[in-house]
Each structure stands twice: as C-alpha cells, then as structure tokens.
Amino acid sequence: EDNQFVEIQGSGEETTFSEPQLNAMLVLGKKGIAELCKLQELAIDQGMAALADKTAVENPHADLAKFFK
C-alpha cells in the first residue's frame, strides 16, 4: 500500500527480458497491487458494515456488549 517492495522475482525460462520490459512489468504490477488494495478495503468496509447491521438487528444485547466492552 505504501509502494514498498517485499520481493521481486523473475526468470527468463524461455527467453530473457530487457530493462524496459522489466520496468513495464513493475508499472503493471504496481497498478494491480493498487487495485487489489482498493478491493480489499472495500470488502473489509462492506463486511464491517454488514456485521454492524447484523449485530444491531439480531443481537438485542448489543448495547450491553458495547457498554461492557
């Protein structure tokens, strides 16, 4: 999420790749990672909202649980 790399791995099993090709792969990889981060955030937000709604409707003691933490 903060544009830091953990690991980069590549192999030219059938052929080699050039530095411009490597740079293009990095650009595409960073774009894909950004999209995945957005989707993960959306899924978490939706899951938390659904859980909050479910808890409020199905758990009549939700207020007590909040009070006692």
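This is a predicted model: local features need pLDDT of at least 70, side-chain atom pairs count only at pLDDT 80 or more; totals for chains, interfaces and linings use all residues.
Residues are numbered from 1 along each chain as its sequence is written, and side-chain values use heavy atoms, with hydrogens and water left out. Local features need pLDDT of at least 70 and side-chain atom pairs count only at pLDDT 80 or more, while totals for chains, interfaces and linings use all residues.

**Overview. Two helices and zero strands make up the assigned elements of the protein.** Helices (H or I, at least four residues) and strands (E, at least two) are DSSP runs, numbered from the N terminus. Of the 69 residues, 3% are buried. Buried means under 20% relative accessible area, exposed over 50%, and partly exposed in between (1.4 Å probe, protein chains only). The protein has an accessible surface of about 6800 Å², and carbon and sulfur atoms account for 59% of this surface. Accessible areas come from the Shrake-Rupley method with a 1.4 Å probe; for residues, only the protein chains shown count as cover.

**View 1. Glutamate 35 and lysine 31 form a salt bridge.** The structure holds one salt bridge, a term for a side-chain nitrogen of Lys or Arg within 4 Å of a carboxyl oxygen of Asp or Glu. Here the N to O distance is 3.8 Å. The two residues are four apart in helix H1, so about one helical turn separates them. Glutamate 35 is partly exposed because its relative accessible area is 43%; lysine 31, at 52%, counts as exposed.

**View 2. Glu1, Asp2, Glu41 and Asp45 form a negative surface patch.** Patches are made of residues with over 30% relative accessible area and no salt bridge, joining like charges within 9 Å and nonpolar side chains (Val, Leu, Ile, Met, Phe, Trp, Tyr) within 5 Å. Lys and Arg count as positive and Asp and Glu as negative, whereas His and the chain ends are not counted. The place of a charge is taken as NZ of Lys, CZ of Arg, CG of Asp or CD of Glu. Aspartate 2 lies in the segment before helix H1 (19–58) and is exposed, at 56% relative accessibility.

**View 3. Phe17, Leu22 and Met25 form a nonpolar patch on the surface.** Together they have about 240 Å² of accessible area. Phenylalanine 17 is in the segment before H1 and, at 36% relative accessibility, counts as partly exposed.

**View 4. Glutamine 4 and lysine 30 are 9.8 Å apart in space, C-alpha to C-alpha.** In sequence, 26 residues separate them. Glutamine 4 belongs to the segment before H1 and is exposed, with a relative accessible area of 61%.
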